[in-house]
Amino acid sequence: MEVKLWNDKREREMYDNFAELYAIIKATEKLEKAYVRDIISPQEYEVECQKLIAHFKTLATTLKETVPNIERFADTYKMDCPAAINRLVVSGVPATVEHRGAAAASASTSATIVAECVQNFITAMDSLKLNMVAVDQLHPLLSDLYGSLNKLSYLPPDFEGKTKMKEWIAKLSKMGAADELTEQQSRQLHFDLDSSYNSFMAALPSAGT
């Protein structure tokens with residue numbers, strides 16, 4: 001006897017989206033484990049992880065009304081995927097971006113990386129001034145900034161710019177792509193960027209070559 005899970009086209013589409021979300025979470029969990037076990041290269045991991053994160057954010061926006069909480073969705077369907085939840089919901093960027101650090105710094109000169117950081121700081125702050133406050137506008141800018149800061153090995157893990165950007169990326173990752181920051185959130189983000197930029201510039205004299 002055939003059992004129908006849906007009564008109309010709308011319900012069918014909802015369950016199809018649930019299946020897609022389930023698949024993305026499972027695929028991300030497997031990808032994280034493959035990266036940790038050194039089964040795939042960091043380059044392959046980063047490309048595939050960015051694709052999964054992008055697909056996840058688009059789908060999460062579509063399912064915002066029916067799946068307001070991804071962790072609860074995972075619990076409901078008995079998904080034991082802590083690494084995927086951390087990557088998709090909490091972090092929002094590939095592990096290679098989070099932990100790039102000294103290895104990336106040695107691949108290019110400090111001066112080039114410093115210039116990249118400065119450019120990313122200014123781009124992010126200018127975007128806020130132009131009222132670009134949607135998640136899909138800000139998330140890539142803050143991810144680029146966070147990644148460039150992680151390339152400088154002399155900046156400690158608890159450096160203000162790193163911790164603040166990581167917090168904002170995590171916050172944006174829990175929102176839909178089309179969601180926008182409130183005026184208060186926008187002002188706070190600009191304040192955090194400005195404060196982090198000043199701390200970054202103050203740290204430059206102690207940088208190695």
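Colleague: Which helices each supply at least two residues of the lining of the second largest pocket?

Modeller: Rolling a probe the size of a water molecule over the atoms shows where empty space is left. In this predicted model, α2 and α3 (70–76) each give at least two residues to the lining of the second largest pocket. The largest share, three residues, comes from α2. This pocket holds about 250 Å³ of space and has 15 lining residues, with Pro-68, Asn-69, Ile-70, Lys-174 and Met-175 nearest its centre.

Colleague: How do the residues of that lining divide into nonpolar, polar and charged?

Modeller: The lining of the second largest pocket has seven nonpolar, four polar and four charged residues.

Colleague: What volume does the largest pocket have?

Modeller: Its volume is about 310 Å³. Among the 19 residues that line the largest pocket, Gln-50, Val-93, His-139, Pro-140 and Ser-143 are the closest to its centre. The elements giving two or more residues to this lining are α2 (42–62) and α8 (135–150), and α8 provides the largest share, seven residues.

Colleague: Let us turn to the aromatic rings. How many aromatic pairs does the count come to?

Modeller: The count comes to seven aromatic pairs. One of them joins Phe-18 and Tyr-77, an edge-to-face pair with 6.4 Å from centre to centre and 65 degrees between the planes. This pair links distant parts of the chain, for Phe-18 belongs to helix α1 (residues 9–36) and Tyr-77 to the loop between α3 and α4 (82–91), 59 residues apart. Phe-18 is buried, at 12% relative accessible area, whereas Tyr-77 is partly exposed, at 38%.

Colleague: Why is the pair of Tyr-35 and Tyr-45 called stacked?

Modeller: The planes of the two rings lie at 15 degrees, with the centres 4.2 Å apart, so Tyr-35 and Tyr-45 are a stacked pair; the cut-off for stacking is under 30 degrees. Tyr-35 sits in helix α1 and Tyr-45 in helix α2, 10 residues apart. Separately, Tyr-15, Phe-18, Phe-73 and Tyr-77 form one aromatic cluster.

Colleague: Is Ser-196 buried or exposed?

Modeller: Ser-196 counts as buried because its relative accessibility is 0%, and buried means under 20%. Ser-196 is placed in helix α10 (residues 183–203). A polar atom of the Ser-196 side chain lies 2.7 Å from the backbone oxygen of Asp-192. Leaving aside residues up to four places away in sequence, Ser-196 touches several residues, including Phe-121, Phe-159 and Met-165.

Terms used:
Residues numbered from 1 in each chain as written. Predicted model: local features only at pLDDT ≥ 70, side-chain atom pairs only at ≥ 80, totals over all residues. Heavy atoms only, no water. Helix = DSSP H or I, 4+ residues; strand = E, 2+ residues; numbered from the N terminus. Buried < 20%, exposed > 50% of the residue type's maximum accessible area, 1.4 Å probe, protein only. Polar contact = N/O pair within 3.5 Å; in protein donor to acceptor, adjacent residues only side chain to side chain. Contact = heavy atoms within 4.5 Å. 1 Å grid on protein atoms, 1.4 Å probe; cavity = no way out; pocket = protein on both sides within 12 Å on 5 of 7 lines; lining within 4 Å. Points joined across faces, edges and corners; volume = space filled by probe spheres on them. Nonpolar A, V, L, I, M, F, W, Y, C, P; charged D, E, K, R; others polar. Phe/Tyr/Trp six-rings, centres within 6.5 Å; stacked < 30°, edge-to-face > 60°.
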